[in-house]
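Dear colleague,

Please find below the structure that I am handing over to you. My findings follow directly after it.

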Amino acid sequence: MAMGSDRHWAVVGTNRGFIALWDLRFQQMMKLWRHSRSSPINRLATSFVPPPQSWVGKGYNNNDARPYIFAATGPNECAMFDASSGHCSECFRTVEYSSRSPSSRIDGLPQLQEIPLSTTMRRKSLLSQGNGSARLGDIVSSSFRSVNCIVGSTGASDYSFLVTGGSDCRIRFWDFSMPSRCYVTSGIEPVQPRPSFERIDFDHKSRLMLCRQPPAPALSEVDSSRVPKKLFQGTRAIPQAHSQGITDQDFSGTI
């Protein structure tokens, strides 16, 4: 769950992939969406800023500010949605690929399908039954990495960023427009190739920031001079990464 910037509204995510927007003043659900991934909503955040495509350059205008929802769900991705229309403005996604096949298939942007709120009984039925989506047991049993926590700063021109942590034990720093400013700050093995970041523009209102994460090579594929001494039972260095999935993170000046 996450509060709106004015404390008048809040968004709530469910384990069946639903996101509900509540008006706290009237204690009433105003909108209900189903995320296209049909996966548990791991983390939500909100922000009241202009569209991210206008943060850099002369197009930046505070009069264009609107409420946005950040939703971490599905296979290792977090997306930024316009709370007014449900449109996905930006998505941050990590895909893994082997050195032999670097061109992994890239899906399109996630979507929020708005569910009509006709009656109270219909709302309760949708939230309890999942409106035909996959069962929770089927979702949990499917094996994929996920983003579990998100923090950052938005709308501050060149200083906007997002930091994600997840079940792959890695912390990633994302810039909203420049792939060269993105990096993995924790979780990379010494012998593992560095990930590459790229930006894919779908149109002038949507874009995808993509991290291609190469797997760690087998020991037989690594030159002995690059193999850490701990693999030869020598001096062991202090671990510089998490060995378990990251479930939460925080710092001052968050979204």
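Is Asp82 buried or exposed? Asp82 counts as buried, at 6% relative accessibility; here buried means under 20% relative accessible area, exposed means over 50%, and partly exposed lies in between (1.4 Å probe, protein chains only).

Before the details, a note on the source. This is a predicted model, in which local features need pLDDT of at least 70 and side-chain atom pairs count only at pLDDT 80 or more, while totals for chains, interfaces and linings use all residues. Residues are numbered from 1 along each chain as its sequence is written, and side-chain values use heavy atoms, with hydrogens and water left out.

Confidence

The mean pLDDT of the protein chain is 79, and 69% of the residues score at least 70; pLDDT is the predictor's confidence in each residue, from 0 to 100. Strand E2 (residues 9-13) has the highest confidence, at 96, whereas helix H2 (residues 136-141) has the lowest, at a mean of 39. The pLDDT is below 50 over residues 99-105, a stretch with six contacts in the model beyond near neighbours in sequence. The pLDDT is also below 50 over residues 131-143, where 18 such contacts are found; a contact means heavy atoms within 4.5 Å. Where pLDDT is low, the predicted coordinates should not be read in detail.

Overall make-up

The protein chain contains two helices and 15 strands; these are DSSP runs, numbered from the N terminus, with helices (H or I) of at least four residues and strands (E) of at least two. Of its 255 residues, 45% are buried. Among contacts with a separation of 6 or more, 54% come from residues 24 or more positions apart. The chain exposes about 14,000 Å², and carbon and sulfur atoms supply 49% of that area; accessible areas come from the Shrake-Rupley method with a 1.4 Å probe, and for residues only the protein chains shown count as cover.

The sheet

An open sheet is formed by five strands in the order E1-E2-E3-E4-E9, with antiparallel pairing; two strands pair if DSSP finds at least two bridges between them. Strand E1 (2-3) and strand E9 (112-114) are the edge strands, each pairing on one side only. Six bridges hold E3 and E4 in the antiparallel sense, and in this pair Leu21 stands opposite Lys31 in E4. Three bridges join strand E4 (residues 28-35) to E9, also antiparallel, with Arg34 opposite Gln113 in E9. Because six of its eight residues are buried, E4 is largely enclosed by the rest of the structure.

Most residues other than glycine have a negative phi. Arg7, however, has a positive phi of about 65 degrees; Arg7 lies in the loop between E1 and E2 and is exposed, with a relative accessible area of 55%. Gln27 takes a positive phi near 55 degrees in the hairpin of E3 and E4, which has four residues between the strands. Gln27 is exposed as well, at 68% relative accessibility.

Salt bridges

Side chains of opposite charge can pair when their charged atoms come close. The structure holds 10 salt bridges, each defined as a side-chain nitrogen of Lys or Arg within 4 Å of a carboxyl oxygen of Asp or Glu.

- Asp82 and Arg66 form one of them, with the closest N and O atoms 3.4 Å apart. Asp82 is in strand E7 (residues 77-82) and Arg66 in strand E6 (residues 66-72), 16 residues apart. Arg66 is partly exposed, at 30% relative accessibility.
- Arg207 and Glu90 meet at 3.1 Å, N to O. Arg207 lies in strand E15 (residues 206-213) and Glu90 in strand E8 (residues 88-96), so this pair ties together parts that are 117 residues apart in sequence. Both Arg207 and Glu90 are buried.
- Arg199 and Asp201 meet at 3.0 Å, N to O. Arg199 is partly exposed at 35% relative accessibility, and Asp201 is partly exposed at 46%.

A surface patch

Met3, Trp22 and Leu24 form a nonpolar patch on the surface, with about 240 Å² of accessible area together. Patches are made of residues with over 30% relative accessible area and no salt bridge, where like charges are joined within 9 Å and nonpolar side chains (Val, Leu, Ile, Met, Phe, Trp, Tyr) within 5 Å. Trp22 belongs to strand E3 (residues 18-23) and is partly exposed, with a relative accessible area of 32%.

With kind regards
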